[in-house]
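Good morning, and thank you for coming. Please look at the structure with me, and we shall take it up residue by residue.

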Amino acid sequence: MALSFNLYHSVTKQAYKDREMILSAMDEYHNHTCIKFVQYSGAEPDYIRFVSGNTGCWSSVGRTGGGQDLNLQSPGCLTKKGTAMHEMMHALGFYHEHTRWERDNHVTIHYENIQQGRENNFQKSSKQTTDALGVNYDYRSVMHYSGFAFSANNNPTIESKVQGVTLGQREGFSRGDVKKINRMYKCKNHNSESGGGFLGLDIFGK
């Protein structure tokens, strides 16, 4: 499946580094899934517009129609390619892993520690409107927040019910991420079972 994109342009050294990081993130999709990002030609009705506003790291979930923004603030959002990959997965239609409808079987959300106004990032999804695509809860998904994400007091906002598990990472896809993308987009010529893998380490809930 091809997705059109348009990258912001600048002549600064930092903008060049940011562009290379985004292209590196796209390469992970090209290498492990059937998703292909192609440069916007001006003719495609729908496309992803990569921008760098001073509003953090964010994307709409799924196709919204027309040019839709995917914001990667710089500096801040492009120190690791996994952050760009995370926002791209949102654009492809994926929610946060820690908001899965059955997440309470795997993690505890400490709402008392979450920054005011950020609670929506931890809102649980509905079983009726989301699909895990046959992949168990994935603690190391690139779509999972870290244990202290949006903490207001340096105390954990998410705590694993499996002792010793580090939540989330932004190094790259987990095998679970690759499986879900390839299953959702019916990628027939990619081995979803081996996947990209995060340093060969994957931890799934039961």
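H90 touches S59, S60, V61, G62, Y95, H96 and M143, leaving out residues up to four places away in sequence. Please keep in mind that we are looking at a predicted model. H90 belongs to helix α2. Is H90 buried or exposed? Its relative accessibility is 6%, and since buried means under 20%, H90 counts as buried.

Let us stay with helix α2, which covers residues 81–91. H86 is also found in this helix. H86 counts as buried too, because its relative accessibility is 4%, and the limit for buried is under 20%. Beyond its neighbours within four places in sequence, H86 is in contact with H96, V142, M143, Y145 and R170.

What does the record say about H86, H90 and H96? In UniProt, an unreviewed entry places the feature "binding site" at these three residues. In the model, the lining of the largest pocket includes H86, H90 and H96.

At least three residues of the core come from each of domain 1 (1–93) and domain 2 (95–189). M88 is in contact with I22, A25, M26, Y29, F37, F50 and L70, not counting residues up to four places away in sequence. As background, nonpolar side chains in soluble globular proteins tend to be buried together.

Finally, I ask you to find K180. K180 lies in helix α3, residues 175–184. Is K180 buried or exposed? K180 is buried, because its relative accessible area is 6% and buried means under 20%. Which side chain makes a polar contact with the side chain of K180? That partner is E97, at 2.5 Å. Setting aside neighbours within four places in sequence, K180 is in contact with F94, E97, R100, A132, L133 and V135.

Thank you for your attention.

Notes:
Residues are numbered from 1 along each chain as its sequence is written. This is a predicted model: local features need pLDDT of at least 70, side-chain atom pairs count only at pLDDT 80 or more; totals for chains, interfaces and linings use all residues. Side-chain values use heavy atoms; hydrogens and water are left out. Helices (H or I, at least four residues) and strands (E, at least two) are DSSP runs, numbered from the N terminus. Buried means under 20% relative accessible area, exposed over 50%, partly exposed in between (1.4 Å probe, protein chains only). A polar contact is a pair of N or O atoms within 3.5 Å; within protein, one must be able to donate a hydrogen and the other to accept it, and residues adjacent in sequence count only if both atoms are side-chain atoms. Contact means heavy atoms within 4.5 Å. UniProt positions are given in the numbering used here, feature names are shortened, and annotations may be inferred rather than shown by experiment. On a 1 Å grid over the protein atoms alone, a cavity is a set of points where a 1.4 Å probe fits but cannot get out, and a pocket is an open set with protein on both sides within 12 Å along at least five of seven lines; lining residues have an atom within 4 Å of a point. Domain bounds come from an automatic or database domain assignment.
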